[in-house]
Amino acid sequence: MSLNVSEFQSVLARRRGIQQSNHYKVILPTLGALGQNEASGPELNLLCTKVSLPGFSVKSNAARKTGPREGYALPSSYGYTSARFEFIETGDNVIQLYIEDWLSRIIDEYGNISFYDDITRDIRVFSLDKEGNEISETILYECYPITKPGIEYSNDTANTPIKVQAEFFVNYYEHKAGE
């Protein structure tokens, strides 16, 4: 089946155009412990340069009956992948402080692990249209940071901002299409 230009334009018009990867908004939770250095939701959104939403994976194996092997899903072996965020760091290191504060709430300086409900927060990611209107939402439920790689400094390039990456555990997520 071939699709001509007018049919393609019709599909895009009916489906609200093509979603752009650089039109998004992130709402991260406010932790409320850093005082004046606490990053607000709008600040974190502005500093967030990249988001990788989690996926879902089902482990499968091949079953041997007779003849060729057939794949089948093991329903007891499935899970969500993690979410990854990348931020531009500020001069007062607010992103590093935010992530490290959250990590310190998970395991304290004595190695004590906090209760699950005390460390998890929901994160919301919106897809936006060209005018900045929300067209879909992905809610990442019961998240907490699991990795914050080290910071890389380099003399290779001048005037390059420091980027802070963080990986978050996601218990489950829900994708809500726009109206």
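User: Where do Asp101 and Arg105 lie?

Analyst: Both lie in helix 3, 4 residues apart, about one turn of the helix. Helices (H or I, at least four residues) and strands (E, at least two) are DSSP runs, numbered from the N terminus. Residues are numbered from 1 along each chain as its sequence is written. This is a predicted model: local features need pLDDT of at least 70, side-chain atom pairs count only at pLDDT 80 or more, totals for chains, interfaces and linings use all residues, and side-chain values use heavy atoms, leaving out hydrogens and water.

User: What do Asp101 and Arg105 form?

Analyst: A salt bridge, with the closest N and O atoms 3.1 Å apart. The term means a side-chain nitrogen of Lys or Arg within 4 Å of a carboxyl oxygen of Asp or Glu.

User: Is Asp101 buried or exposed?

Analyst: Buried, at 12% relative accessible area. Arg105 is partly exposed, at 24%. Buried means under 20%, exposed over 50%, partly exposed in between (1.4 Å probe, protein chains only).

User: How many salt bridges does the structure hold?

Analyst: It holds 5. One of them joins Lys148 and Glu100 (3.3 Å, N to O). Lys148 sits in the loop between strand 7 and strand 8, and Glu100 in helix 3, 48 residues apart.

User: New topic. What is the strand order in the sheet?

Analyst: The open sheet of 6 strands runs 1-6-7-8-5-2, with antiparallel pairing. Strands pair if DSSP finds at least two bridges between them.

User: Which strands stand at the edges?

Analyst: Strand 1 (24–27) and strand 2 (48–52). Each has a single partner strand, so one side of each lacks a neighbour in the sheet.
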